[in-house]
Amino acid sequence: MKQKSRILAGALGCMLICGSPAGYLVSAAAQPQVQDIEASAGEHTAADTEAPGQTQGAVLPQDLAPDYNDPDYVKMMMQQKEQEAEGAAPFSLRSIEAVTTKSPFTGLVYTHGAQFSDGDIIDGIDVSKWQADIDWKKVKAAGVEFVFIRCGYTALSKDFAMYEDEYFRKNIQGAYQAGIPVGVYFFSNSITTSEAKKEAQKTLDLIKNYQSMITLPVVYDFEAFSNAYRAYGLSKAQVTKNMIAYADIIEDAGYSTMYYGSPNFLDSSFDVAKLTAYDCWLANYTTQTAYKGDYAYWQYSSSGRVNGIAGNVDCNFYYTGGNGELTPPEELDPEDFAEGLGPVSGLRMEDNDMDYITIQWEPVEEADGYKVYRSKSYGGTYKQLKTINWNEVTAYTDDTVIKSEGRQYFYKVVPFLLDEDGNLKYGEESDILTANTLRQHAFRLKTTANIHLRRQAGTEYDSLVVVPAGTGLPFFKYTLATDDKKWYKVTYTKGGKSYSGYLSGSYVTIYTYGNTTKDVNVRTGAGLSYKVQRKIPKGTRVTIVGSSVTVAGTKWSHVKYALKGKNYSGYIPTKYIQQT
């Protein structure tokens, strides 16, 4: 299975209570003050509850018939009871140096982990049928920047039964037309791996006509925090297996996936160490979460108010992971460093394909998490890809690489810890890891001038040897220098000594090889208007010279080939060449 730990990549459109006798949610005794603040923030006039500006005649939440077989409805009722049962203890928050933002949907100020200080924090919501009719244009104008929409669910009945959310199609079309980025979630109650696979297939059936609209993850929302849920009491091992089974099918269809839970539920019902390939949607109703595990989204309230929606709605933050540069240590304040922390050991490329690279390293015992940086060239600027908020998550899959064969990227990993005041302290950065996308075909190049073979990709690096014009060499990988010029890694032998280094793409011609997949006409130029030289049989080995040329929507390749001992060249459609 392709590992994915996406930056955006993902979120979950579901809801979470902050107190439950089942231990799924943070206990009421632990955080009574949070519910008090959110309840007071949720007090509105009668006009507010009618959602000013709501379309006349629209269905409101209170118009919907109760459905005790719908897991979201049961959850919503439990949330209301929990909020009503909370006392009025005052809320206090210790002062720490961390990022804070004010939610436009609750009016409260939220304190974010210092590890998110170098990224953007984006406001969003998640909805299901229980928000009833929604005016999506007003929702967009109210500041909603993303939404997760329930597409379906498994009922709470003893027998396994799946249903479409009756508002899903209306919601996804409305959100998309309003210009709001969309993700979806399926509320699972699977007990077996087989059931989880059926839920995944049901999800794909529901969203198949909306693939172009879904740019955020498809979320596995497993919740079973009371005996009202058919999957209540399912083992951690089985829940984890079900999540992976669901994710495999969803990702094979081209979507990213994510899982969801509260701190207690993530600890009791998921083996999160086996889910490092996926992002997590944290559900914790508080103004400052103490959870130190890895998460990309934070669902912080179920009682937000958004113009265009009648009644309460779930509110979420999305952490982009930042695009901060890796500042050289000498440019940082010494107080920003944790002495003796790191560097990570065992940094390596664990897996790769033409469209992703997975790196891995050994955990640093004292670290609270890691920051992953990448550069397109060895000496270039390193941009932050990911903040990992957990010591035990020691792998990252970079699926933002350009789909290509043998392209090199350069990575650094920096451990960090959060001190007692919540401030982030950097550890020592790792050495540079050179990794590459998968290479499947044979490539060669020929130098077009006498050219320096450089130690790294860039003219600022030492010359190892001069390679004469006309030299043909296989190349293994290519990278980009800071000026975005291609450099090719080769091994060149001179005088019995081998040199491995980089040649500038400005002074080489690239060749690839292939076989024709059918009898095909060779023409004197790229296009059907050119004269046919001859027909070459299926299976003819050809050398592809230079880049393809597109004429009238068809790509043409300039090829060289041999027939009966003689060498020829010409143009054939690229689609008739199987590279080898």
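I take buried to mean under 20% relative accessible area and exposed to mean over 50%, with partly exposed in between (1.4 Å probe, protein chains only). This is a predicted model, in which local features need pLDDT of at least 70 and side-chain atom pairs count only at pLDDT 80 or more, while totals for chains, interfaces and linings use all residues. Residues are numbered from 1 along each chain as its sequence is written, and side-chain values use heavy atoms, with hydrogens and water left out.

Cysteines. I looked up C280 and found that, at 2% relative accessibility, it counts as buried; C151 is buried too, with a relative accessible area of 0%. Taking a disulfide as a pair of cysteine sulfur atoms within 2.5 Å, I noted that the structure holds zero disulfides.

Cores. For a nonpolar core I used a set of buried Ala, Val, Leu, Ile, Met, Phe, Trp, Tyr and Cys residues joined through side-chain atoms within 4.5 Å. The largest such core has 80 residues, and I125, I207 and F270 have the most contacts inside it. Strand β7 (residues 214-222) gives the most to this core, with six residues; helices (H or I, at least four residues) and strands (E, at least two) are DSSP runs numbered from the N terminus. Apart from this core lies another, of 21 residues, among them A338, I357, A367 and Y411. With contact meaning heavy atoms within 4.5 Å, I listed what I207 touches, not counting residues up to four places away in sequence: C151, F168, V184, I214, V218 and Y255.

Strand β11. I checked β11 (residues 313-319) and found seven of its seven residues buried, so it is largely enclosed by the rest of the structure. Two strands pair if DSSP finds at least two bridges between them. Strand β3 (residues 121-127) pairs with β11 in the antiparallel sense over six bridges, and D126 stands opposite D314 in β11. Strand β10 (residues 297-304) also runs antiparallel to β11, joined to it by five bridges, with V313 in β11 as the bridge partner of G304.

A196. This residue is in helix α6 (residues 193-207) and is buried, with a relative accessible area of 0%. Leaving aside neighbours within four places in sequence, A196 is in contact with S190, N242 and Y246. The C-alpha atoms of A196 and N242 are separated by 5.4 Å, although the two residues are 46 residues apart along the chain.

S504. I placed S504 in strand β25 (residues 497-504), where it counts as buried at 9% relative accessibility. Beyond its neighbours within four places in sequence, S504 is in contact with I451, K486 and W487.
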